[in-house]
Amino acid sequence: QVQLVESGGGLVQAGGSLRLSCAASGRTFSRYVMGWFRQAPGKEREFVAQINYSGDRPSYTDPVKGRFTISRDNAKNTVYLEMNSLKPEDTAVYYCAARTSVYSQYQYWGQGTQVTVSS
């Protein structure tokens with residue numbers, strides 16, 4: 001089992017940047033595919049980005065392509081989400097998640113961190 005704790009959320013003006021971190025503890029971090037999701041008020045949780053075990057082949061939802069970058073540091077058991085050119089529609093609670101394979105469901109979730117982008 002792995003425990004996930006997000007940090008780095010906050011209030012930022014449109015056009016600004018934030019860097020989210022997700023620290024993992026428990027079993028070997030490098031054995032997990034890591035993802036970021038978000039949930040805006042009144043909306044369903046949606047996929048944002050994913051990165052595989054070694055940190056290559058990241059994938060993104062279209063609305064964040066070119067603005068967000070997912071990365072991981074397996075030595076620090078941490079996955080990051082660098083968010084640039086933020087828009088008010090990026091406002092949401094951001095969740096970190098882990099799964100053992102791209103063919104399985106995301107099994108482990110953090111508690112979330114709030115990101116608010118003002119116009």
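Which residues have the most contacts inside the largest nonpolar core?

## The core

In this predicted model, the answer is a set of six: Met34, Trp36, Val79, Leu81, Met83 and Tyr94. The core they sit in has 29 residues.

Where do the core residues come from? Strands 1 (2-7), 3 (18-26), 4, 5 (46-51), 7 (68-73), 8 (78-83), 9 and 11 each put in two or more.

Let's zoom in on strand 9, which runs over residues 92-99. Is it mostly buried or exposed? Buried: seven of its eight residues fall in that class.

Strand 9 has antiparallel pairings to go through one by one. With strand 4 (residues 33-39), the pairing covers seven bridges. Strand 11 (residues 113-118) also runs antiparallel to strand 9, with three bridges between them.

At the residue level, Ala98 is a handy landmark. Ala98 is the strand 9 bridge partner of Met34, and it also has Tyr108 in strand 10 as a bridge partner. Met34 itself is on the list of core residues with the most contacts. Over on the strand 11 side, Ala92 stands opposite Val115.

## Around Met83

Met83 is another of the core residues with the most contacts. What does it touch, leaving out residues up to four places away in sequence? Gly16, Ser17, Leu18, Leu20, Arg67, Phe68, Tyr94 and Val115.

Two names there tie back to what came before.

Conventions: Residues are numbered from 1 along each chain as its sequence is written. This is a predicted model: local features need pLDDT of at least 70, side-chain atom pairs count only at pLDDT 80 or more; totals for chains, interfaces and linings use all residues. Side-chain values use heavy atoms; hydrogens and water are left out. Buried means under 20% relative accessible area, exposed over 50%, partly exposed in between (1.4 Å probe, protein chains only). Helices (H or I, at least four residues) and strands (E, at least two) are DSSP runs, numbered from the N terminus. Two strands pair if DSSP finds at least two bridges between them. A nonpolar core is a set of buried Ala, Val, Leu, Ile, Met, Phe, Trp, Tyr and Cys residues joined through side-chain atoms within 4.5 Å. Contact means heavy atoms within 4.5 Å.
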